[in-house]
Amino acid sequence: MEARYSQKRETQWVGYKVHLSETCDVGQPDLITQVSTTLATTSDFVMAPVIQEDLAIRDLLPGTHLVDSGYVVADVLVNAQQQQIDVVGPPLGSSSRQSRGGHGYDLHAFAIDWDAQQAQCPQGQRSVKWALGRSQTGESVIRSRFDRATCRACPTRSVCTTSPEAPRQLTVKPQALHEALQTARQRQETPEFRAQYALRAGLESTLSQAVRRFDLRQSRYIGLARTHLQQVLTATAMNIVRVIDWLRGRLHGDKKRPAGRFARLAPDPLAIGALASARVT
């Protein structure tokens, strides 16, 4: 049995997960270009390189890929840069106590001197140890530790660490991965990012169309391979409907319940392509 239990926020299901990519070319119909089906427990970021590789094989690789936060991790950003793909999406936030609490010195407050192999804290102190290691998941990391006596005497120690004795230690990814992730986080705060990423909302209408009109979340077959075939056929049917609507001069998303008088004052939403996943049971 390949179906798996999974949960995303308040939604729970037993089955699979589908990843959809679609185009967003101006003046052209928005067409689904890639369908991937995985076990429900497969993380989104694992599939990003697989999806991009499949698109590259079929000469459909996008120059800009608008993706959900689940796909935006350091490895994906670096691999995409090597293929000249601009991955646009909000990276997952830091899991540190300082970042979760919204105050204190998190990783962003420290400057990394890669040539000197040292980290500098907001108080101007430099780390005294730089060692390569492995994370709990087996990934390569760098651990940089500060001097014990200096840390204990620091007037801002309370906003840096909760340890009563141990000095502050940073755990960072290798330089290329670290810088790619930090750049993505800084970019996320810009008005340009928010304007560009707002276009990804169009893919939510694609998922809605797939679920409401094409019953995407209900698998008629048993097994991953047959479920994937069903989803490919569903995407094909959606593309046919979209091409027909486009030829008739109707934009994607026009076939909706008639809007009220107030809703008619709002502009039509743009259906812009990106990458997203949905549950399948």
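Residues are numbered from 1 along each chain as its sequence is written, and side-chain values rest on heavy atoms, with hydrogens and water left out. Because the model is predicted, local features need pLDDT of at least 70 and side-chain atom pairs count only at pLDDT 80 or more, whereas totals for chains, interfaces and linings use all residues.

The protein has eight helices and 11 strands, where helices (H or I, at least four residues) and strands (E, at least two) are DSSP runs numbered from the N terminus. Of its 281 residues, 39% count as buried, a term that stands for under 20% relative accessible area, with exposed meaning over 50% and partly exposed in between (1.4 Å probe, protein chains only). Among the contacts with a separation of 6 or more, 59% join residues 24 or more positions apart, contact being defined as heavy atoms within 4.5 Å.

An open sheet is formed by three strands in the order E8-E9-E10, with antiparallel pairing; two strands are taken to pair if DSSP finds at least two bridges between them. Strand E8 (129-134) and strand E10 (169-172) stand at the edges and have a single partner strand each, so one side of each is left without a neighbour in the sheet. From one strand to the next the twist averages 25°, with axes taken as lines fitted to C-alpha atoms (for helices over the stretch in contact) and angles running from 0 to 180 degrees between N-to-C directions. E8 is paired with strand E9 (residues 140-145) over six antiparallel bridges, and in this pairing Lys129 stands opposite Arg145 of E9. The two strands E8 and E9 form a hairpin with five residues between them, and Gly138 in the turn has a positive phi of about 90°. On the other pairing, E9 and E10 are joined in the antiparallel sense over four bridges, with Val172 of E10 as the bridge partner of Ile142.

Helix H5 (residues 175-188) contains 14 residues and reaches 20 Å from its first C-alpha to its last, close to the 20 Å expected at 1.5 Å a residue; the expected span is 1.5 Å times one less than the number of residues. The buried residues of H5 are Leu177, His178, Ala180, Leu181, Gln182, Ala184 and Arg185, and what covers them includes helix H2 (74-82), strand E6 (111-113) and E10.

The largest nonpolar core has 16 residues, of which Val67, Leu77 and Val87 touch the most other members; such a core is a set of buried Ala, Val, Leu, Ile, Met, Phe, Trp, Tyr and Cys residues joined through side-chain atoms within 4.5 Å. H2 and H5 are the elements that give two or more residues to this core, and H2 gives the most, with five residues. Not counting residues up to four places away in sequence, Val87 touches Gln52, His65, Val67, Leu77, Ala80 and Arg187. A second, separate core of 13 residues includes Tyr105, Leu107, Ala119 and Val172.

With a disulfide defined as a pair of cysteine sulfur atoms within 2.5 Å, the count comes to zero disulfides. Cys160 is in no disulfide, and the nearest cysteine sulfur, that of Cys151, is 6.2 Å away. Cys160 is buried, with a relative accessible area of 11%, whereas Cys24 is partly exposed, with a relative accessible area of 34%.

Two further residues may be described individually. Val18 is found in strand E2 (residues 11-22) and is buried, with a relative accessible area of 1%; its C-alpha atom is separated by 4.5 Å from that of Thr37, 19 residues apart along the chain. Thr41 lies in the loop between strand E3 (32-39) and helix H1 (44-57) and is partly exposed, with a relative accessible area of 47%. Leaving aside neighbours within four places in sequence, Thr41 is in contact with Arg4 and Tyr5, and the C-alpha atoms of Thr41 and Tyr16, 25 residues apart along the chain, are separated by 7.8 Å.
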